[in-house]
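Please look over the sequence and the coordinates shown here before reading the notes that follow.

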Amino acid sequence: MKTILVPIDFSSTSLNAASYALQYAKQVGGKLMLIHAYQQPLFFPLYQGIELSPEGMREIKKKELELVANQLAELQPLIKVEHMMFDGDLVDVLASLTDAMKVSFIVMGITGAGKLKEKYIGSNTLAVAKNCKVPVLIVPENAVFTRINDIGLTTDFRDVIKTIPDHIVSELIKSTGARLHVLNVDFKNRQWTNDTPFQSGLVETMFQQYHPQYHFIDKQDMVEGLNEYANKFSIELLLVIPQKHNLIERIFSGSHTKELIFHSDVPVMVMHE
């Protein structure tokens, strides 16, 4: 059974991601593992005029996590929902869990730039996406789960054998039963090289059993091009492979915060080479 890790900080964004993960698990036949990484705050709140102790605060978080797990389990009784609480930094906790457990991927929420700027995004979600070995599915804060029928795989057709984790892509296609779209965003063939036809042929061979559709998007801004295509062709999930983290940092930073993630309901799964 596929194990899906879902970090919970009890914000509406993380709870929405957990709800999304629950429906995803129903489609593919997996189980959820809710994770809360507890770090002691600098100041503890007052309860009946008395400052809560570290143990008291931790117990409150533990009960909150159990409540969320029970609520999700009631929504989908056939989906196994477990929960674990750890002391420490979230990135470190997830890294150790993915090494120790057979984790399919991690699901995390993300808050739009209109509410919290990219400094927040650059902390937990981006850090997990950059540093965890397993794929990280990033769910926009207002995204509502829609059955995944179409998956878009982004590629620049460079060194595809090394960079595309075809076994992960294949597993996603098999488990969801989705159609595969191979997406390349370029502008006036600026990325075209003599090796491009050969590399595109390798991709075709890699996924020929799934009969993918190939789309070449002529757009100067890569993220904007992906966003437009996903909305036009009802792509429910975009797969990105950030070579040396360049792509994911572009998605999350500066002028690109208004595109793809922040102003789209399309979740993005970050996979590493």
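Ala 178 counts as buried because its relative accessibility is 8%, where buried means under 20% relative accessible area, exposed over 50% and partly exposed in between, with a 1.4 Å probe and protein chains only. This is a predicted model, in which local features need pLDDT of at least 70 and side-chain atom pairs count only at pLDDT 80 or more, while totals for chains, interfaces and linings use all residues. Residues are numbered from 1 along each chain as its sequence is written, and side-chain values use heavy atoms, with hydrogens and water left out.

**Surroundings of Ala 178**

- Ala 178 is placed in the loop between α7 and β9 (179–186), with helices (H or I, at least four residues) and strands (E, at least two) taken as DSSP runs numbered from the N terminus.
- Leaving aside neighbours within four places in sequence, Ala 178 is in contact with Ile 148, Asn 149, Asp 150, Ile 151 and Ile 173, contact meaning heavy atoms within 4.5 Å.
- Between Ala 178 and Asn 149, which are 29 residues apart along the chain, the C-alpha separation is 4.2 Å.

**Thr 176 in helix α7**

- Thr 176 belongs to helix α7, and it counts as buried because its relative accessibility is 5%.
- Not counting residues up to four places away in sequence, Thr 176 touches Tyr 24, Gln 27, Val 28, Arg 147, Ile 148 and Ile 151.

**Helices α1 and α7**

- The axes of helix α1 (residues 12–28) and helix α7 (residues 166–176) come within 8 Å and cross at roughly 80°, the axes being lines fitted to C-alpha atoms, for helices over the stretch in contact, with angles from 0 to 180 degrees between N-to-C directions.
- On the α1 side Tyr 24, Gln 27 and Val 28 meet Leu 172, Ser 175 and Thr 176 of α7.

**The open sheet**

- Ten strands form an open sheet of mixed pairing, in the order β5-β2-β1-β6-β7-β12-β11-β8-β9-β10, where two strands pair if DSSP finds at least two bridges between them.
- The edge strands of this sheet, each pairing on one side only, are β5 (81–87) and β10 (213–218).
- Strand β7 (residues 136–140) pairs with strand β12 (residues 268–270) in the antiparallel sense over three bridges, and Ile 138 stands opposite Val 268 in β12.
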